[in-house]
Amino acid sequence: MNEEQGQQGTGTGGDFEEHLRELLAEDANAIRPAPVPYPAIRRRGTIERRRRVAAAGAALVTLAAMFVGAYALAGGEGGGNTVASTPPAGATPRTPATPSAPPAGPARPATEDQLLDGITFGQAVDGLEKCLAYDRSHTRGPSGFRTDLGAAEEYRIILAMNSTGDSNAPGDGMHVVAVKERPKQTRLICNVKDGKAKGLNTSVGSDDVPGAGPVTADLSGGKLYRQSVLDRGNWKLPFRWGLIGTAEPSVARVTVSYGGTTSRAALDHGWFVASGVLNRQVTVAPRIKGYDADNKLVYDSDEDENYEKRLP
């Protein structure tokens with residue numbers, strides 16, 4: 001090999017090496033991993049966060065809608081229907097308050113006009129209770145038998161008014177009239193003076209007689225509308241009077257004329273109750289008339305053979 005060839009070889013070898021380096025560099029670029037796409041990753045993360053925020057917002061809106069709907073169903077301000085809420089587990093449910101029962105006692109009269117002379121219903125009840133206690137403490141008859149009048153709550157008070165003392169029973173007081181239907185029709189007229197029961201008249205069972213009309217005056221009603229026979233023609237005036245009796249359902253109106261004045265009676269569960277004030281002496285008993293719904297006269301005490309028309 002001559003010197004020229006050695007230089008050419010060297011030159012050729014140098015070109016080869018240079019070409020090899022170029023090839024290696026190209027291969028290195030070919031197998032080198034691509035740079036990390038940071039902008040793409042950041043853009044994808046931003047999109048993902050926006051999607052999560054949107055989903056959370058939708059959930060909050062749904063919860064808010066559910067809350068508003070529940071509030072509306074539960075009768076919020078201005079709402080209508082009420083839905084009972086379920087107490088949490090383990091909690092003691094609240095028991096609704098039970099309305100208290102009305103206090104036991106006698107029934108009130110049908111109209112306030114049956115409580116006269118400023119007597120209150122409470123005072124009338126107190127008088128009735130005193131009279132029933134008086135009856136229970138009363139000595140039994142020789143046979144040991146005495147009708148049990150029962151308790152005050154079994155009765156209906158139909159009349160309460162002032163009572164005027166006379167020669168037979170001095171001292172003014174208060175009359176209380178009460179009735180009950182079970183177990184037997186019972187009527188009592190009680191007189192209370194100075195806070196104590198001083199007299200009691202009772203009737204157990206119906207006073208109706210065969211052939212009686214649709215209106216029947218109480219047989220002992222004279223205790224309410226007259227003074228003692230001892231004072232005949234010399235009654236204490238003014239005199240508060242009353243009159244009671246029974247009336248059939250067909251009777252729509254009852255009137256009572258006494259001492260020159262006529263008053264309309266109250267109808268109270270099969271009873272009629274009349275009252276007034278006398279300002280003059282009388283000798284004739286009250287006159288009673290009954291009318292039906294068509295205002296037809298169906299009873300007149302002047303035509304009743306069983307009714308005592310004159311005072312004794």
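This is a predicted model: local features need pLDDT of at least 70, side-chain atom pairs count only at pLDDT 80 or more; totals for chains, interfaces and linings use all residues.

In general, a pair of aromatic rings is described by the distance of the centres and the angle of the planes. I counted 3 aromatic pairs in the structure. One of them joins Tyr-225 and Tyr-258, with 6.0 Å from centre to centre and 80° between the planes, an edge-to-face arrangement. This pair links distant parts of the chain, since Tyr-225 belongs to helix H4 (residues 222-225) and Tyr-258 to strand E7 (residues 253-258), 33 residues apart. For Trp-235 and Phe-239 I noted ring centres 5.5 Å apart and planes at 65°, so this pair is edge-to-face.

I checked the accessibility of the two tyrosines next. Tyr-225 has a relative accessibility of 7% and therefore counts as buried, because the cut-off for buried is under 20%. Tyr-258 has a relative accessible area of 2%, so Tyr-258 is buried. I also noted that ring pairs join Tyr-225, Trp-241 and Tyr-258 into a cluster.

Which charged residues sit over a ring? I found the charged end of Arg-108 over the ring of Phe-121, at 4.4 Å from its centre, and I found Arg-253 over the face of Tyr-291, 4.1 Å from the ring centre.

How many disulfides does the structure hold? I found 1 disulfide, formed by Cys-131 and Cys-190, whose sulfur atoms are 1.2 Å apart in the model. The pair links distant parts of the chain, with Cys-131 in helix H3 (residues 121-137) and Cys-190 in strand E3 (residues 186-193), 59 residues apart. Both of these cysteines, Cys-131 and Cys-190, are buried.

I noted an open sheet of 4 strands in the order E8-E7-E11-E12, with antiparallel pairing. Strand E8 (261-264) and strand E12 (297-300) are its edge strands, and each pairs on one side only. On average, neighbouring strands of this sheet are turned by 20° against each other, with direction ignored. Between E7 and E8 I noted 4 bridges in the antiparallel sense, and I wrote down that Thr-255 has Arg-264 in E8 as its bridge partner.

Conventions
Residues are numbered from 1 along each chain as its sequence is written. Side-chain values use heavy atoms; hydrogens and water are left out. A disulfide is a pair of cysteine sulfur atoms within 2.5 Å. Helices (H or I, at least four residues) and strands (E, at least two) are DSSP runs, numbered from the N terminus. Buried means under 20% relative accessible area, exposed over 50%, partly exposed in between (1.4 Å probe, protein chains only). Rings of Phe, Tyr and Trp (its six-membered ring) pair if their centres lie within 6.5 Å; planes under 30 degrees apart count as stacked, over 60 as edge-to-face and the rest as tilted. A charge sits over a ring if NZ of Lys or CZ of Arg is within 6 Å of the ring centre and within 35 degrees of the ring normal. Two strands pair if DSSP finds at least two bridges between them. Axes are lines fitted to C-alpha atoms, for helices over the stretch in contact, and angles run from 0 to 180 degrees between N-to-C directions.
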